[in-house]
Structures are given as structure tokens and as C-alpha cells.
Amino acid sequence: MLEQFIGRLAGQRVALAVSGGGDSMAMLYLLAGRLDLSVVTVDHGLRPEAADEARMVGQVAQSLGLTHHTLHWNAPAGGNLMDQARRARIGLMGEWARAQGIGHIAMAHTADDELETFIMRLARASGLQGLSGMRHAWCEAGVMWHRPMLDLGRGALRDYLRNRGGHWADDPSNDNPKYERVRIRKAAPQLAALGLTPEVISASVAHLARAEEALSQALVGMVARHVMVDRGDVLVSLEGLETELQGEFRRRLWAVILGWINGGEYAPRGTKLEAFCHDIGQTRTLAGVRRSHDGDFIRFTRELASVQALVVQGGEVWDRWRLRGSQDGIGLQGLSIGALGEAGLALCPDWRETGLPRASLMASPAVWAGETLVAAPLAGLPNGWIAEIAVPFAPSMLFTR
């Protein structure tokens, strides 16, 4: 799997998420010199040792000829701290990667993590998608995330580090039984005594994954026939909805479209997504995405209300968009990127000629100098600027693995 990952991403910029633990340090040593890499560490501020561990990662990265960046998070009071930390980690690294022009981040989950995750999901009565294993690649926070080491065991990686004299740090929370994953880890000998060995569970995961992949492959064909991307919007043909994209196929496609447009970590669950799948005759919004009827298609676009207040500095990624300019010599200093909005659209006399609906254009990116509109590339007012999707819609997004 690691070699396939290297082959797929050769020539592209890749970030490695390295905490300082044994798994991620092994990934760092294994990939150094084989891809165009940067290294990123998130210090959650939850343990006093974390700052020293981040420095250790930086020193090792430097010794391997790689740049290293430490990102910091201030933990809020209350709530599910581990879940909040995980979400913050994804958000911080995604934002950092987009600003650096990096489209891929690798994480060091292993076969042991796969086993523990399977047991956790089994205890929650998960269906096929949940039990078919951890995702190998997915889009979130505007970048593609990868797990290239899911076929490698934690013990083998520690042996590799010892043999090459590598450094790593052990997080004491990995032995704290208050966490479900740790309890499952400690129960592994009892599970094995019942015949639930890692090999048996891995075989079952593989069987389920093949069934999951078959559904995904079928969906890829349907998408090729019935789905197109129109400058950040997604169009799904009514013919496809009537003939092929029904039931589970429609639910999966809708979830992927929502995630690509809103950059969300999870698709809406239960009745909300179900209603969104079947009620296609009316304009609806869900999870920051607007769905409307457009001729022979259903159009999905960003909801203006979800990005109305989002503003970034010129040169940064805004929502899903990266704006580049300018041919007329206007620099980035003093400029910001924000939604075009209704007032901005009124300043674009040629917007109808673009062929994009009004709602799509109002939620599109624009360049501003204070309250003065400089450019609206999608609305017929480019002024030397172009707008590009940071992570294009790709068939790989249809796969859960």
C-alpha cells in the first residue's frame, strides 16, 4: 500500500501528519526522500510533553532535509475533548495545507487501528460502509487525506524504528482505559482466544471491503453517465435519477456531493439526508449546500448563507476556491477574498452571460479591496483573476476506502 501511495502522488506536494508517536515517526522515516514532503505537527496543548515532542519531530525532519511546521490549538472547556481535538487537528492541518498550496496529507494509521475501529463500529451495529474498514483516502477541509500504512502492524513499525535507531515518543493516553479504543486494545488477547484474531477480522474486513468497492465501482459508472461539474456546482441528470441513481446509490452520491461542496467531515445522517435524497422537486438546502431544479438537471451549489461571513486574505484559499491574479498588476496586499453576494452581483453587468444561476454566483468567490469589488471571476468580471477549485471533484471521492 505504501508503494502504491508513493506511485500515485509522485510529483505532487504532500504533507505528513507526524505527532511524534511511533507510527507517524515510522511513516516519516519511510517516506523521506521519496516524495515532495513537508511535515506538520499539531500541539493540542493537552500535555506538557507535547511541545518537546513537536520539537523532536522538527529536529528529525530537519535531519532528513524536510521542512516542519507546528500548529497550536487551544482546547475549549467542556465537551468531548478527544473528538474536539481530532476535529481541530483536521481543521488546522487542512487550513495550513491549503495556505501552503498542498493538496494531500498522509496520516499514519496502521492495521492495529483498523482492527480496533472495526470492533468499535461492530459495537455500534454499523452497516456495510462502517464495517468495510477505515477509509484509505477521502476529501475533507479542502484537501485529500490518505492512510498509506493500513496494511502495516504497530509492532513491525516499532521494530523498524529500533533497527534504524529512529526516535519516537509514547503518549500515555494510549494506555488510559477510560478510552474505548484502549479498552479494545487491552481486550485483544481475550478476543483472540475466541478466534477473533487480527487475521480473522482482517479477512472479514477484506470481504466487506470488496462488496463495498463493487457498489462504489458501479456508482462511478453512473456518475460518469449522469453527473457533471459546472464551475464548482454539481449537476445530476434527471434521467439518471429516474433510471439508475436510486436507493443506496443516490444516498451515497448525495453524501459525496455535499461533502465536496461544504468540506464537511461527515454527511448528514438519518431522516435529513433521506428527505434530501427523495424530495427533488423543490429547492432545498442542507449542510450549507443548495439543491435546485435546473432544466434537465438537479443543481447543487454552495449556500450563500454558509459563506456570507467568510473572509480570507488575498492569496489564501476561500471555502473551496483558490484565486490567482492579476494580469493588470493589482497585487495581493490589502485585498481580501469573500462571497460575491447580492450587492457584488449587482456590480457585474455580464453575469447572465456566464450561464451560472444567480444563487451560484452570489455564493462564488470575489476579490475585494475593502468594500470595493475588484474582481468576480465566475460572474463575468475577471479583471485578470481566475478562480480554481482547490480539490477537484474526483471518482476517488466515491470510495469509502
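Me: Which residue in strand 11 is the bridge partner of His293?

Reply: Bear in mind that this is a predicted model. Strand 10 covers residues 289-294 and strand 11 covers residues 297-302, and they pair in the antiparallel sense over 6 bridges. One of the bridge pairs has Asp294 facing Phe297. For His293, the partner in strand 11 is Ile298.

Me: OK, and which residue takes a positive phi in the hairpin of strand 10 and strand 11?

Reply: That hairpin has 2 residues between the strands. Its phi is near 65 degrees, and the residue that takes it is Gly295.

Me: What about the hairpin of strand 9 and strand 10: which residue in the turn has a positive phi?

Reply: Strand 9 and strand 10 run antiparallel and are joined by 3 bridges. Leu286 has Val289 as its bridge partner in strand 10. There are 2 residues between the two strands, and the one in the turn with a positive phi, about 55 degrees, is Ala287.

Me: Zooming out, in what order do the 5 strands of the open sheet come?

Reply: The pairing in this sheet is antiparallel. Its edge strands are strand 7 (227-230) and strand 9 (284-286), each pairing on one side only. The twist averages 25 degrees from one strand to the next. Reading across, the order is 7-8-11-10-9.

Me: Which helix packs on that sheet, touching strand 7 and strand 8?

Reply: Strand 8 is 233-237, and the helix touches both this strand and strand 7. The helix direction makes about 60 degrees with that of strand 7. The helix spans residues 198-226, and its name is helix 10.

Me: How is the pair of Trp254 and Phe300 classed, given its ring geometry?

Reply: The structure holds 4 aromatic pairs. In this one the ring centres of Trp254 and Phe300 are 5.0 Å apart. The cut-off for the class is planes over 60 degrees apart. With the planes at 85 degrees, the pair is therefore edge-to-face.

Me: Now the cavities: what volume does the largest cavity have?

Reply: The structure holds 1 cavity of 30 Å³ or more. Among the residues that line the largest cavity are Asp230, Arg302, Trp321 and Ser364. By class, the lining has 4 nonpolar, 3 polar and 5 charged residues. The volume comes to about 80 Å³.

Me: On to the sheet of 6 strands: why is one side of strand 3 and of strand 5 left without a neighbour?

Reply: This is an open sheet with mixed pairing, in the order 3-2-1-4-6-5. The twist averages 30 degrees from one strand to the next.

Me: Last one: how much space lies in the second largest pocket?

Reply: This pocket is lined by 33 residues, with Arg8, Ala137, Met144, His146 and Ser396 lying nearest its centre. Helix 1 (2-9), strand 6 (143-146) and helix 10 each supply at least two residues of the lining. By class, the lining has 15 nonpolar, 10 polar and 8 charged residues. The space is about 630 Å³.

Technical notes: Residues are numbered from 1 along each chain as its sequence is written. This is a predicted model: local features need pLDDT of at least 70, side-chain atom pairs count only at pLDDT 80 or more; totals for chains, interfaces and linings use all residues. Side-chain values use heavy atoms; hydrogens and water are left out. Two strands pair if DSSP finds at least two bridges between them. Helices (H or I, at least four residues) and strands (E, at least two) are DSSP runs, numbered from the N terminus. Axes are lines fitted to C-alpha atoms, for helices over the stretch in contact, and angles run from 0 to 180 degrees between N-to-C directions. Contact means heavy atoms within 4.5 Å. On a 1 Å grid over the protein atoms alone, a cavity is a set of points where a 1.4 Å probe fits but cannot get out, and a pocket is an open set with protein on both sides within 12 Å along at least five of seven lines; lining residues have an atom within 4 Å of a point. Grid points are joined across faces, edges and corners, and a volume is the space filled by probe spheres set on the points. Ala, Val, Leu, Ile, Met, Phe, Trp, Tyr, Cys and Pro count as nonpolar, Asp, Glu, Lys and Arg as charged, and the others, Gly among them, as polar. Rings of Phe, Tyr and Trp (its six-membered ring) pair if their centres lie within 6.5 Å; planes under 30 degrees apart count as stacked, over 60 as edge-to-face and the rest as tilted.
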